[in-house]
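This report describes one protein chain for a reader who is new to structural models. Please keep the sequence and the structure in view while reading.

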Amino acid sequence: MIPITILRPAGRVALGACLLLGAGCGSPDAGVSVGGGGGANGGLSAAVGNATSPFLVLDLVAGTLRSAATVDDLATNAAWRTTSLVFRRVHGLGDDYFLGVFETTQEQWTRLGGAQPWSALSSAVVGSGAVAADHPAFALSYADIQAVVSAYAASHQLRLAVPTTAQWRFACAAGSAGAYAWGDGTDRATVAANAVVAETLGGTPGPRSVGALSANAAGFYDMHGNVWEWTSPGTGVSGGSWHDGIARATTQGQAGFADAQITDLTAHALIGVRLVLQP
């Protein structure tokens with residue numbers, strides 16, 4: 001197990017620790033489609049603002065964005081975990097926003113222009129299978145995330161960001177009043193179907209492929225466990241991780257500055273991010 005002093009770079013995290021959508025899943029249905037260029041008053045941001053479909057799909061290879069009425073192969077199509085980012089519309093918390101269906105993966109992060117801090121961590125810390133294209137990016141500092149999304153916005157006229165804590169919790173709960181998106185149950189079968197946490201590791205440490213377990217009622221995967229996720233303004237992380245028990249992965253739970261669990265904005269082996277696309 002990872003002691004709380006294992007950080008990259010040095011720092012300290014004592015890791016402890018909904019939503020109405022416009023449509024369900026189905027096959028992709030192209031709507032708005034625009035290129036990655038454009039001036040400050042046009043390009044992707046303008047297209048996103050006009051999009052009315054439940055999904056937006058950002059092609060990280062072509063640098064194009066399109067809207068989709070449905071995406072029925074989220075559980076099986078590897079592209080959604082590697083070469084594209086899929087965002088789902090969230091309605092019911094003031095202005096609508098588009099949240100990533102998955103935690104940002106290592107290949108997606110690299111294609112966005114990010115470095116690979118996870119590659120410097122020993123397999124003794126995160127497990128021998130932690131580095132993989134469809135596994136969540138981890139050891140990301142909040143400052144690094146801000147730098148990457150700012151650079152991407154400058155070249156693509158598209159605003160990616162870290163979701164606020166309120167946005168994250170609303171999407172995580174998915175309408176549930178319980179401690180978790182599925183309610184309050186913590187029996188082994190329920191947890192194993194929904195969360196990559198210490199109780200479900202099966203003896204093999206480290207993060208798992210994103211989207212390997214059931215999505216919550218709103219269609220978001222890995223909201224509980226796998227890696228902790230940064231929330232804006234960078235004062236805490238939510239959702240728990242593969243290293244932590246299910247009791248720390250509640251919807252409302254957060255590790256952060258307020259309780260001295262995070263002392264700075266440094267990266268940690270258990271922390272990644274789920275991005276939001278801002279209209």
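## Confidence of the model

The average pLDDT of the chain, the predictor's confidence in each residue on a scale from 0 to 100, is 83, and 77% of the residues score at least 70. Over residues 1-43 the pLDDT falls below 50. In the model, this stretch has 139 contacts (heavy atoms within 4.5 Å) beyond near neighbours in sequence. Where pLDDT is low, the predicted coordinates should not be read in detail.

This is a predicted model, in which local features need pLDDT of at least 70 and side-chain atom pairs count only at pLDDT 80 or more, while totals for chains, interfaces and linings use all residues. Residues are numbered from 1 along each chain as its sequence is written, and side-chain values use heavy atoms, with hydrogens and water left out.

## Nonpolar cores

A nonpolar core is a set of buried Ala, Val, Leu, Ile, Met, Phe, Trp, Tyr and Cys residues joined through side-chain atoms within 4.5 Å; buried means under 20% relative accessible area (1.4 Å probe, protein chains only). The largest such core has 41 residues, of which Phe87, Leu112, Ile145 and Leu160 touch the most other members. Its largest share, five residues, comes from α5.

Apart from it lies another core, of 13 residues, including Val90 and Trp168.

## Helix α6

Helices are DSSP runs (H or I, at least four residues), numbered from the N terminus. In helix α6, residues 165-173, seven of the nine residues are buried, among them Trp168 and Phe170. Just after α6, alanine 174 takes a positive phi of about 55°.

Notes
Buried < 20%, exposed > 50% of the residue type's maximum accessible area, 1.4 Å probe, protein only. Helix = DSSP H or I, 4+ residues; strand = E, 2+ residues; numbered from the N terminus.
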